[in-house]
Structures are given as C-alpha cells and as structure tokens.
Amino acid sequence: MTGSSENQTGEHFFHSRVEVSPDVISQEIGAETVLLDLNSDSYFGLDATGTRIWGLLQQGKEPGEILTILMAEFDAEPGVLQNDLAEHLKTLEKAGLITIIG
C-alpha cells in the first residue's frame with residue numbers, strides 16, 4: 001500500500017515530525033494526563049507511559065528521538081516498544097490530537 005494507509009511502523013515513520021494540535025489542553029494528574037480537545041470537546045486519558053510520550057511530543061521530539069528515550073527508560077524489547085509507540089501515535093493522530101508529517 002502507499003500513501004497515508006502505508007504501514008507506519010517502518011523506518012520512515014520514525015523520521016517523521018509530529019505536531020501537537022494547538023487546540024488540545026493537557027493537565028497532568030499524578031502519573032496520568034487528561035487531554036481536552038477544544039474542537040470536539042472530547043476528553044482523553046493517558047497512563048504513565050502515554051504521559052511520558054505526550055511530554056516528549058510537547059518538547060518537539062520526533063518519533064525516533066522518543067523511541068531512543070523510551071528504550072533507555074523502559075525494560076522492553078526494542079521491536080515491541082517501536083510497535084507500541086507507533087500504535088500510540090497513530091491513535092493520537094486518529095483522535096486529532098497530533099499531526100504526523102512526513
């Protein structure tokens with residue numbers, strides 16, 4: 001497949017840039033984060049790992065940089081971590097919370 005339906009867990013995905021929607025407000029509560037999308041008035045909850053990823057996205061980190069950081073912080077197989085990160089980012093993108101460019 002080609003285009004936006006292309007499998008984004010490949011190397012290309014991790015060289016993409018991610019933009020956090022300016023219409024999303026986030027608030028950390030303990031180890032979790034609540035996101036409010038002002039466009040849809042929808043709330044989203046992130047667990048501790050999702051909160052870490054969200055924080056890195058807000059710092060402007062690219063998926064490849066996030067993967068490297070998470071590999072240093074978590075005891076997980078690199079392939080599993082890569083797939084989990086890609087799925088998490090695709091979920092955020094589908095919800096309109098981020099845009100993946102490239």
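**Leucine 85.** I looked up what leucine 85 touches once residues up to four places away in sequence are set aside: Phe14, Ile53, Pro63, Ile66, Leu67 and Leu70. Contact here means heavy atoms within 4.5 Å.

**Ground rules.** This is a predicted model, so I note that local features need pLDDT of at least 70 and side-chain atom pairs count only at pLDDT 80 or more, while totals for chains, interfaces and linings use all residues. Residues are numbered from 1 along each chain as its sequence is written, and side-chain values use heavy atoms, with hydrogens and water left out.

**Layout.** I find three helices and five strands in the chain, in the order β-β-β-β-α-α-α-β from the N terminus. Both kinds of element are DSSP runs numbered from the N terminus: helices are H or I with at least four residues, strands are E with at least two. Of the 102 residues in the chain, 32% are buried, meaning under 20% relative accessible area with a 1.4 Å probe, protein chains only. I also checked contacts between residues at least 6 apart in sequence: 53% of them join residues at least 24 apart.

**Core.** Which residues have the most contacts inside the largest nonpolar core? They are Trp54, Leu57, Leu85, Leu89, Leu92 and Ile98, in a core of 21 residues. Such a core is a set of buried Ala, Val, Leu, Ile, Met, Phe, Trp, Tyr and Cys residues joined through side-chain atoms within 4.5 Å. Two or more residues each come from α1 (48–58), α2 (63–73), α3 (78–94) and β5 (98–101). The largest share, five residues, is from α3.

**α1 against α3.** Their axes, which are lines fitted to C-alpha atoms over the stretch in contact, with angles from 0 to 180 degrees between N-to-C directions, come within 12 Å and cross at roughly 70 degrees. That makes α1 roughly perpendicular to α3, a label covering 65 to 115 degrees. On the α1 side I list Gly50, Ile53, Trp54 and Leu57, which meet Leu85, His88, Leu89 and Leu92 of α3.

**Valine 24.** I found valine 24 in strand β2 (residues 24–29). Is it buried or exposed? Valine 24 is buried, at 13% relative accessible area. Beyond its neighbours within four places, valine 24 is in contact with Leu35, Leu36, Asp37, Trp54 and Leu97. Leucine 97 is 73 residues from valine 24 in sequence, yet 6.5 Å away in space, C-alpha to C-alpha.

Notes. Buried < 20%, exposed > 50% of the residue type's maximum accessible area, 1.4 Å probe, protein only. Parallel < 35°, antiparallel > 145°, perpendicular 65-115°, else oblique.
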